[in-house]
Amino acid sequence: MKEKDDRTKRRKSIIKLLLQGLFALVLLVVLFQFVSFADVTQALLAAKPEYIVGAALLMFVNIGLQIVKWRYFVRLVDPTATNLETAASLLFGITLGTITPGQIGEFGGRALHHTSISAGTLIGLTLVDKVQMMCIMGISGVASFVILFQCGPIVGTTSIVVFAFLFLFIFFKLNALQRVTLRFKFGFFERRSIQDLLSAVSMFQLRDLIASFGLSVGFYMIIYLQMFLLLNAFSPVHAADAYLGFAAMMFLKSLVPVSLGDLGIREASSVYFYALRGIANATALNASLLLFVINILLPSLIGLIFIPRSRSNG
């Protein structure tokens, strides 16, 4: 019976992945109904290679910052964790994240390389990382929405202030999650894996959160710089316009995690938001596709090198 249940679960997982991949493909097909394929091809042929190379080289800075942040997190639990172990954990997490909506596969991928730390603890650390990045994207995203859709000084300013405070509160108070759950007498919270997760979330002190905030902002700004370079590889784009479209796209795709590696959502939202700033559809589409290749596809291929053979359940 158990073997039959396992086969059913695997079949459902495969079907789900295929549907998510199909959804991403459909989005791209629909998108090309509004963007001329000839324009996209022409823009690619006329692109400035030095800008694309610059964005590609920044991939190493991008990954480096992620590894530094993940190492910081892991060493709060296990100071003996090696650089290779944390790098392998992060890169394999990216690999699994690529084939899951919202990159949720990173939770499992990162947990498979640290044998000295429980899976629940590692999932908790990954949760903190993801929520923190969501907060950074939320602060910039809401501000960009206000400007792009011209919400007006009163509504716009109020929205920016309220949401900025909300996301900063979540960022710096997520470590209180364990204390909050203690008020609820649910058996679910008594499970060992959940306790490990909550303990990991709660271990962050203010100094840790400040360091994490700096690393998160740095990582976010590197991605923006990559997008800025990629846009300008195809046509001149002002830094402010590049940032507005980028911030709106990043926040929207984090809110709608429905396709593999966010493929399709990223491209469609880039075309839409950059069109509001008068930027050509072909420029926005090419830049967002290259951003996917550089920051998601290439690191996920590197992550295949670190497929773990086995893992202790400790």
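**Overall fold**

Read along the sequence, the pattern is α-α-α-α-α-α-α-α-α-α-α-α-α. I note that this is a predicted model, where local features need pLDDT of at least 70 and side-chain atom pairs count only at pLDDT 80 or more, while totals for chains, interfaces and linings use all residues. Residues are numbered from 1 along each chain as its sequence is written, and side-chain values use heavy atoms, with hydrogens and water left out.

Next I checked burial: 47% of the 314 residues are buried. Buried means under 20% relative accessible area, exposed means over 50%, and partly exposed is in between (1.4 Å probe, protein chains only).

**Salt bridges**

How many salt bridges does a search of the whole structure find? I got four. The criterion is a side-chain nitrogen of Lys or Arg within 4 Å of a carboxyl oxygen of Asp or Glu.

I opened the pair Lys-69 and Asp-129, whose side chains meet at 2.8 Å, N to O. Lys-69 sits in helix H3 and Asp-129 in helix H6, so this bridge ties together parts that are 60 residues apart in sequence. Both Lys-69 and Asp-129 are buried.

Asp-129 has another partner, Arg-110, with the closest N and O atoms 2.9 Å apart.

I then turned to Asp-241 and Arg-277, which meet in a salt bridge of 2.8 Å, N to O. Here Asp-241 is in helix H11 (residues 239-255) and Arg-277 is in the loop between helix H12 (265-275) and helix H13 (281-303), 36 residues apart. Asp-241 is buried at 19%, whereas Arg-277 is partly exposed at 34%. Back to shared partners: Lys-69, Arg-110 and Asp-129 are joined into one network of salt bridges.

**Helices H3 and H6**

Helix H3 (residues 49-77) and helix H6 (residues 119-148) have axes that come within 10 Å and cross at roughly 140°. That makes H3 oblique to H6, because angles under 35 degrees count as roughly parallel, over 145 as roughly antiparallel, 65 to 115 as roughly perpendicular and the rest as oblique. The axes are lines fitted to C-alpha atoms, for helices over the stretch in contact, and angles run from 0 to 180 degrees between N-to-C directions.

Also in helix H6 I found Met-134, partly exposed at 25% relative accessibility. Met-134 and Leu-255 are 121 residues apart in sequence, yet 8.9 Å apart in space, C-alpha to C-alpha.

**After H6**

Which residue has a positive phi although it is not a glycine? I found Gln-150, at about 50°. Gln-150 lies in the loop between H6 and H7 and is exposed, with a relative accessible area of 70%.

My last stop was helix H7 (residues 153-173), which holds Ile-170. Ile-170 is partly exposed at 30%.

How values were computed
Helix = DSSP H or I, 4+ residues; strand = E, 2+ residues; numbered from the N terminus.
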